[in-house]
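Here is a short note to read beside the structure. Please keep the model open and follow the points in order.

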Amino acid sequence: MGGMTNFMTDKTTTTPPPEMNDRISTRIGSVRLSGDFAENIHYSFDLGRDSLWRYYLSGEAAFRLSIFKLGAGSFFHYSEYGNEILNPALIAIAGIELPGLFFVEGKAIMTFQADLSDIGAIDYAYRGLSAGYWTQDLIAGFYYDAKKMEEKRTETLLVRDSLIRYFFHAGIYDKNRMWTLNLDFGYEEMEFDMTNVDAARTTALFAGLEVILRMSNRLSWHIKGEVPYPFVYPADVFWWTAATGFTITLAD
């Protein structure tokens, strides 16, 4: 899956004040390999470029024991400054799943040590929580996602990016598996903070739609778009994200 977005802070800014610039767009995308070792063990690997984290690599495995789900993995981030090439972090996953009734799941990404003394050093974190209803044809629930990244750009300048989302997600699956609709509606807060300067903040409602078309037994086409609308800063902004991609199924 790959595309473009302008929902980001201005990463070229090296002096205050902080700025959120919707006239700048960037490429985003990811490649995922996932599957099952056995009936109760699921694995996935992701390589991608994110508008907040930029380049990342992750791998995780989740184990289902009756209604319980436990998982662990590793996350690596590449700094464009080059001083923290593969800064490692730990992924932890825990949840409960009762098919046809409900699910609850939490996920966290934590760096082992945050040392921001050197230029180019970074610290990042993720917290996620979801709860909802799940059947064979429908998944619907409420989600919380929080991302943060700090980086030392100069000897005296520490920059912090954060994005928090509260949203409702619904995935609707056709019984013949020829199409899938994923809908997202929610509220988000983005903050861009720099040393000794008031932070730039924006709050917004957002809506997203992903259509997955089953082209054959092995190939699916994804089309995804998202448009947040900020309440305050800046007043005339138009945020957008558009992406497309394919899923190739190697084995059922």
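1. Met215, Leu219, Trp221, Ile223, Phe246, Ile248 and Leu250 make a nonpolar surface patch of about 730 Å². Patch residues have over 30% relative accessible area and no salt bridge; like charges are joined within 9 Å, and nonpolar side chains (Val, Leu, Ile, Met, Phe, Trp, Tyr) within 5 Å. Accessible areas come from the Shrake-Rupley method with a 1.4 Å probe, and for residues only the protein chains shown count as cover.

2. A word on the basis. This is a predicted model, in which local features need pLDDT of at least 70 and side-chain atom pairs count only at pLDDT 80 or more, while totals for chains, interfaces and linings use all residues. Residues are numbered from 1 along each chain as its sequence is written, and side-chain values use heavy atoms, leaving out hydrogens and water.

3. Which strands supply the patch? S13 and strand S14 (241–248) each give at least two residues. S13 gives the most, with three. Met215 sits in the loop between S12 and S13. Strands (E, at least two residues) and helices (H or I, at least four) are DSSP runs, numbered from the N terminus.

4. Is Ser220 buried or exposed? Ser220 is buried, at 10% relative accessible area. The cut-offs are under 20% for buried and over 50% for exposed, with partly exposed in between (1.4 Å probe, protein chains only). Ser220 belongs to strand S13 (residues 219–230). Neighbours within four places in sequence aside, its contacts (heavy atoms within 4.5 Å) are Ile212, Leu213, Arg214, Met215, Gly245, Phe246 and Thr247.

5. Now look at Met4. Met4 lies in strand S1 (residues 2–5). Met4 is partly exposed, with 30% relative accessible area. Beyond neighbours within four places in sequence, Met4 touches Ser25, Thr26, Arg27, Ile28, Trp240, Thr241 and Ala242. Met4 and Gly225 are 221 residues apart along the chain, yet their C-alpha atoms are separated by 9.8 Å.

6. Ser66 has a positive phi of about 60°, although it is not a glycine. Ser66 lies in the loop between strand S4 (54–65) and strand S5 (68–78), and is exposed at 74% relative accessibility. Asn196 has a positive phi near 60° and is likewise not a glycine. Asn196 lies in the loop between strand S11 (179–194) and strand S12 (200–214). Asn196 is exposed, at 81%.

7. Next, the charged pairs. A salt bridge needs a side-chain nitrogen of Lys or Arg within 4 Å of a carboxyl oxygen of Asp or Glu. The count is twelve. In one of them, Lys147 pairs with Asp50, with the closest N and O atoms 2.8 Å apart. Lys147 is in strand S9 (residues 138–152) and Asp50 in strand S3 (residues 41–50), so this pair ties together parts 97 residues apart in sequence. Lys147 is partly exposed at 21%, whereas Asp50 is buried at 17%.

8. Two further pairs. Glu97 and Lys69 meet in a salt bridge at 4.0 Å, N to O. Glu97 is in strand S6 (residues 87–98) and Lys69 in strand S5, so the pair links parts 28 residues apart in sequence. Glu97 is buried at 17%, and Lys69 is buried at 11%. Arg201 bridges to Glu191, with 2.6 Å between the closest N and O atoms. Salt bridges with shared partners join Arg64, Lys69, Glu97 and Glu105 into one network.
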